[in-house]
Amino acid sequence: QFYGLAIGFVIIAAGVYGSGMASGGCFNPAIAIAIDVSSLSKGFGWCIVFFLWEAIGAVLAALLFKLVRPDEFGGQKTPTAELASEFLGTFML
C-alpha cells in the first residue's frame, strides 16, 4: 500500500541528500532562501536562480507526465506517447 512513499523516501535519501553534499546544490527552495538570507553579507539573489530552475524542472516534469500518460487526462494512448515513455525510461537508465 505504501510502495510509492517508500520509493520517494529512497529517492530523497539517496539522490537529493547524496548529490547535495557532492555538488553543494539545494533541492528545497525554502532551504535555498534561508541559506541566501543568512549570508546577506556575501550577496543575495542566488536563491532566485535556484527557485527558477526548480520551477522550470517542475513544469517540464508535468508536461512530460501529460505527454506519456494522456489517459490520465481523458485522452488516448498514442504511439507518440509510447515512444516518449520508452525514450524517457531508457534515458533514465
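Because the model is predicted, local features are described where pLDDT is at least 70 and side-chain atom pairs count only at pLDDT 80 or more, while totals for chains, interfaces and linings use all residues. Residues are numbered from 1 along each chain as its sequence is written, and side-chain values use heavy atoms, with hydrogens and water left out.

The protein has 4 helices and 0 strands, and its elements follow the order α-α-α-α from the N terminus; helices (H or I, at least four residues) and strands (E, at least two) are DSSP runs, numbered from the N terminus. Of its 93 residues, 10% count as buried, where buried means under 20% relative accessible area, exposed over 50%, and partly exposed in between (1.4 Å probe, protein chains only). Contact means heavy atoms within 4.5 Å, and among contacts between residues at least 6 apart in sequence, 18% join residues at least 24 apart.

Two aromatic rings are described as a pair by the distance of the centres and the angle of the planes. Rings of Phe, Tyr and Trp (its six-membered ring) pair if their centres lie within 6.5 Å, with planes under 30 degrees apart counted as stacked, over 60 as edge-to-face and the rest as tilted. The structure holds 2 aromatic pairs. F65 and F73 form an edge-to-face pair, 6.1 Å centre to centre with 80° between the planes; F65 is partly exposed at 38% relative accessible area, and F73 is partly exposed at 47%. The pair of F87 and F91 is stacked, because the ring centres are 6.1 Å apart and the planes stand at 20°. F87 and F91 are 4 residues apart in helix α4 (residues 79-92), and are therefore separated by about one helical turn; both are exposed.

F73 also has a charged neighbour, since K66 lies over its face at 5.5 Å from the ring centre, a charge being over a ring if NZ of Lys or CZ of Arg is within 6 Å of the ring centre and within 35 degrees of the ring normal.

D36 belongs to helix α2 (residues 29-38). D36 is buried yet has no salt bridge, and the nearest side chain of opposite charge, K42, is 10 Å away; a salt bridge is a side-chain nitrogen of Lys or Arg within 4 Å of a carboxyl oxygen of Asp or Glu. Not counting residues up to four places away in sequence, D36 touches G43, F44, G45, W46 and C47.

Technical notes
Lys, Arg positive; Asp, Glu negative; His and termini not counted.
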